[in-house]
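Student: I would like a close look at a single part of this model. Please keep the answer in one piece.

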Amino acid sequence: MAEELTLDSTLTKTEQYRQLLPQIEALTTGEPDLVANLANTVAALRQAFGFFWVGFYLVKDNELVLGPFQGPIACTRIRHGKGVCGSSWAQAATLLVPDVEQFPGHIACSSESKSEIVVPVLKEGVVVAVLDVDSDQLNDFDHDDQQALEQLMTLAANWF
């Protein structure tokens with residue numbers, strides 16, 4: 001069965017998220033495989049918004065390990081509290097970074113990444129993964145991205 005997203009690029013970003021999130025939920029509902037759900041989620045986000053890089057890092061053996069992603073090759077392992085992803089994990093909070101060069105300890109997996117948002121996936125109050133989204137533009141993420149991606153990661157927690 002072919003899967004297809006209904007996307008309308010003429011909508012505002014907020015409206016695009018409102019259109020996309022139910023589609024991701026429908027795509028993942030009833031699918032028990034974690035990797036399949038994570039992979040389809042990053043593909044849908046990249047297809048909808050053209051993000052430079054979007055992917056998951058999974059908590060394994062006290063480090064973040066690269067999971068399904070779309071974009072250029074990436075850092076494979078990130079320590080707790082290191083970089084934007086490791087800091088989001090340590091704080092169990094979303095980090096919105098308008099200029100990654102200004103983030104202390106930023107890990108430059110790609111020199112083309114300019115801004116970033118990282119959203120933790122919390123299962124019973126414990127971070128089990130983080131969603132990392134990078135842009136090749138400065139200050140490319142805002143409260144609308146944060147709100148929608150946090151809502152999406154609440155859904156993603158059910159897959160773990």
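Which residues does Leu149 touch, not counting residues up to four places away in sequence?

Tutor: This is a predicted model, and what follows is read from its coordinates unless a record is named. Leu149 touches Tyr17, Leu45, Ile117, Val119, Leu131 and Val133, with residues up to four places away in sequence not counted.

Leu149 is one of the buried residues of helix H4, a list that also holds Asp145, Ala148, Leu152, Met153, Leu155 and Ala156. Seen down the axis of H4, these buried residues fall within an arc of 145°, so they line one face of the helix. In general, an α-helix has 3.6 residues a turn, so residues three or four places apart point the same way. On the face of H4 turned away from the buried side are the exposed residues His143, Gln151 and Thr154.

The helix itself runs over residues 143-156, which makes 14 residues. From its first C-alpha to its last, H4 reaches 19 Å, close to the 20 Å expected at 1.5 Å a residue. At the start of H4, a side-chain oxygen of Asp142 comes to within 2.9 Å of the backbone nitrogen of Asp144.

The buried residues of H4 pack against two helices, H1 (13-28) and H2 (34-49), and against strands S1 (53-60), S5 (115-123) and S6 (126-135). Leu149 also belongs to the largest nonpolar core, which has 31 residues; Leu45, Leu131 and Leu149 are those with the most contacts inside this core. The elements that give two or more residues to the core are H1, H2, S1, S5, S6 and H4. Apart from this core lies another, of 16 residues, among them Trp53, Tyr57, Val84 and Val100. As a general rule, nonpolar side chains in soluble globular proteins tend to be buried together.

Thr28, in helix H1, is buried, with a relative accessible area of 4%. Leaving aside neighbours within four places in sequence, Thr28 is in contact with Asn37, Thr41, Leu155 and Trp159; of these, Leu155 is one of the buried residues of H4. Gln16 lies in helix H1 as well and is buried, at a relative accessible area of 15%.

Val127 is placed in strand S6 and is buried, with a relative accessible area of 9%. Val127 touches Val59, Trp89, Ala92, Pro120, Val121 and Leu122, not counting residues up to four places away in sequence. Between Val127 and Asp8 there are 33 Å in space, C-alpha to C-alpha, and the two are 119 residues apart in sequence.

Glu101 lies in the loop between strand S4 (95-97) and S5. The C-alpha atoms of Glu101 and Ser111, ten residues apart along the chain, are separated by 9.8 Å.

As for records, UniProt lists residues 33-158 for "domain: GAF", in an unreviewed entry. Over residues 33-158 the chain is 31% helix and 33% strand, and the end C-alpha atoms are 11 Å apart.

Notes: Residues are numbered from 1 along each chain as its sequence is written. This is a predicted model: local features need pLDDT of at least 70, side-chain atom pairs count only at pLDDT 80 or more; totals for chains, interfaces and linings use all residues. Side-chain values use heavy atoms; hydrogens and water are left out. Helices (H or I, at least four residues) and strands (E, at least two) are DSSP runs, numbered from the N terminus. The expected span of a helix is 1.5 Å times one less than its number of residues. Buried means under 20% relative accessible area, exposed over 50%, partly exposed in between (1.4 Å probe, protein chains only). The arc is that of the directions from the helix axis to the C-beta atoms. Contact means heavy atoms within 4.5 Å. A polar contact is a pair of N or O atoms within 3.5 Å; within protein, one must be able to donate a hydrogen and the other to accept it, and residues adjacent in sequence count only if both atoms are side-chain atoms. A nonpolar core is a set of buried Ala, Val, Leu, Ile, Met, Phe, Trp, Tyr and Cys residues joined through side-chain atoms within 4.5 Å. UniProt positions are given in the numbering used here, feature names are shortened, and annotations may be inferred rather than shown by experiment.
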